[in-house]
Amino acid sequence: MAVATGVNGEMEGVRDMKQPEPRDTGGQSSRSSGDRVNRRLKYLSLAVLVVQNASLILSIRYARTLPGERFFSTTAVVMAEILKGVTCILLMLLQKRGNVKELSLFLYDSIIVQYMDTLKLAVPSLIYTLQNNLQYVAISNLPAATFQVTYQLKILTTALFSVLLLRKSLSRLQWGSLVILFAGVAIVQAEQSGGKESVAASGQSYIVGLVAVAVSCLSSGFAGVYFERILKGSSASVWLRNVQLGIFGTALGLLAMWQQDGAAVAEHGFFFGYTPLVWCVIFNQAFGGLLVAVVVKYADNILKGFATSLSILVSTAVSVHLFGFHVDLPFALGAGLVIGAVYLYSLPRTPEPLPSSSVPLSSHKETFLPKLNSKQKGS
């Protein structure tokens, strides 16, 4: 380190000699402030995940059980796909700094020219469209709390498809948590009979809701793993993939709408029965998934497990107050098992310690040799 001469030079030399100390202090303070910001972001992520998970199910249940004109759930699925696709296009436009021509050429090349890559999204898009329609059927026929608990079976189906398709390995704790999860859902379903929620809606069938949520969990697990496999095998962004999904989702949603409610939509109109609450449901469904994808960036698996558990509790509490849902001992036991299983499954895997004999002693010494040499050179 060079030290300047003279009075000013001595002061500069003293500042240079003392420079590492305040730099370390500043580093510690910046790290501590960064930790505080990360903690706040994690807590904010937790709140957003809880609100999104619980509000979507509760709002759909409330909108579908209100007396009066019922909106067509098939049109709601189509509108959610359109809004999601438009949102992703706007996000990509921001990435292109507002250059519409560049974005248009990029979309044309990615979607039209590379059409074989786009066609890969047809399968998960078909499954997601089926899943979204089945969610409306399930929530319309099941109590919100029962649906929330039963829908956690998607963790089981996702894990099984991950093992089969992605060759992932699960720890013993994760396998055990899946068994607990299945047991908890089984206890809830064994006790529920469909008559424990006093609502003024008619035409509800507990069996139909149960089959719908079961098929939805199965399709959710397969579609999620299939989509993950596509993302890992390509350099395309998540926003582009969601645009491709939205194209197929909108087309398939319109086909499902025409087949199921075509005559009624032609008679009453596409937006029949739409209220501000219905629009809130559609916006929540469209932006909820994108918002969660961004929020999870600041969260971890444990936090996601907490969010799912808290959303079950929130859905149950609101269902008791809003829908007259009755919480008995078997439901509480089953829901408790599901919450515990979700938390255990989200715990990070601890790497198995290597045997001491497999790590030679010389390797430990070699890792410290460069530091010793650098210190010797500096002394």
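## Buried, exposed and the chain as a whole

A residue is called buried when its relative accessible area is under 20%, exposed when the value is over 50%, and partly exposed in between. Keep those two cut-offs in mind, as they come back throughout this report. One more point before we start: the model you are looking at is predicted.

The chain has 379 residues, and 40% of them are buried. Its secondary structure consists of 15 helices and zero strands. The accessible surface of the chain is about 21,400 Å², and carbon and sulfur atoms account for 65% of that area. How do contacts relate to distance along the sequence? Taking contacts between residues at least 6 apart in sequence, 86% join residues at least 24 apart.

## The nonpolar cores

Let's go inside. The largest nonpolar core holds 49 residues, and the members that touch the most others are F147 and I282. If we leave aside neighbours within four places in sequence, F147 is in contact with I57, Q135, A138, I139, L142 and V213. There is also a second, separate core of nine residues, and C88, M92, L107 and V243 are among them.

L130, I207, V211 and V215 make a nonpolar surface patch of about 340 Å². Which helix gives the most to this patch? The answer is helix α10, residues 206-232, with three residues.

L130 sits in helix α6, which covers residues 122-141. The relative accessible area of L130 is 43%, so this residue counts as partly exposed.

E81 and K84 form a salt bridge, with their closest N and O atoms 3.8 Å apart. Why might two side chains like these pair up? In general, side chains of opposite charge can pair when their charged atoms come close. E81 and K84 are three residues apart in helix α3, so about one helical turn separates them. An α-helix has 3.6 residues a turn, so residues three or four places apart point the same way.

A search of the whole structure finds four salt bridges. D117 takes part in a salt bridge with K120, at 4.0 Å from N to O. D117 also meets R241 in a salt bridge, at 2.8 Å from N to O. The R241 pair links distant parts of the chain: R241 belongs to helix α11 (residues 238-268) and D117 to helix α5 (residues 115-119), 124 residues apart. Together, D117, K120 and R241 are linked in a network of salt bridges.

Are these residues buried or exposed? D117 has a relative accessible area of 17%, so it is buried, and R241 is buried too. K120 comes to 45%, so K120 is partly exposed.

Leaving aside neighbours within four places in sequence, I230 is in contact with K120, L121, P124 and R241. I230 and P124 are 106 residues apart along the chain, and 9.9 Å separates their C-alpha atoms.

## Two arginines with positive phi

Just after α3 comes R97, which has a positive phi of about 60 degrees, although R97 is a residue other than glycine. R97 lies in the loop between α3 and α4, the latter covering 100-113. With a relative accessible area of 81%, R97 is exposed.

R167 is another residue that is not a glycine, and its phi is positive at about 55 degrees. R167 is placed in the loop between α8 (153-165) and α9 (172-191). The relative accessible area of R167 is 70%, so R167 is exposed.

Terms used
Residues numbered from 1 in each chain as written. Predicted model: local features only at pLDDT ≥ 70, side-chain atom pairs only at ≥ 80, totals over all residues. Heavy atoms only, no water. Core = buried A, V, L, I, M, F, W, Y, C linked by side-chain atoms within 4.5 Å. Buried < 20%, exposed > 50% of the residue type's maximum accessible area, 1.4 Å probe, protein only. Contact = heavy atoms within 4.5 Å. Patch = residues over 30% accessible without salt bridge, like charges linked within 9 Å, V, L, I, M, F, W, Y side chains within 5 Å. Areas by Shrake-Rupley, 256 points an atom, 1.4 Å probe, with all protein chains shown as cover. Salt bridge = Lys/Arg side-chain N within 4 Å of Asp/Glu carboxyl O. Helix = DSSP H or I, 4+ residues; strand = E, 2+ residues; numbered from the N terminus.
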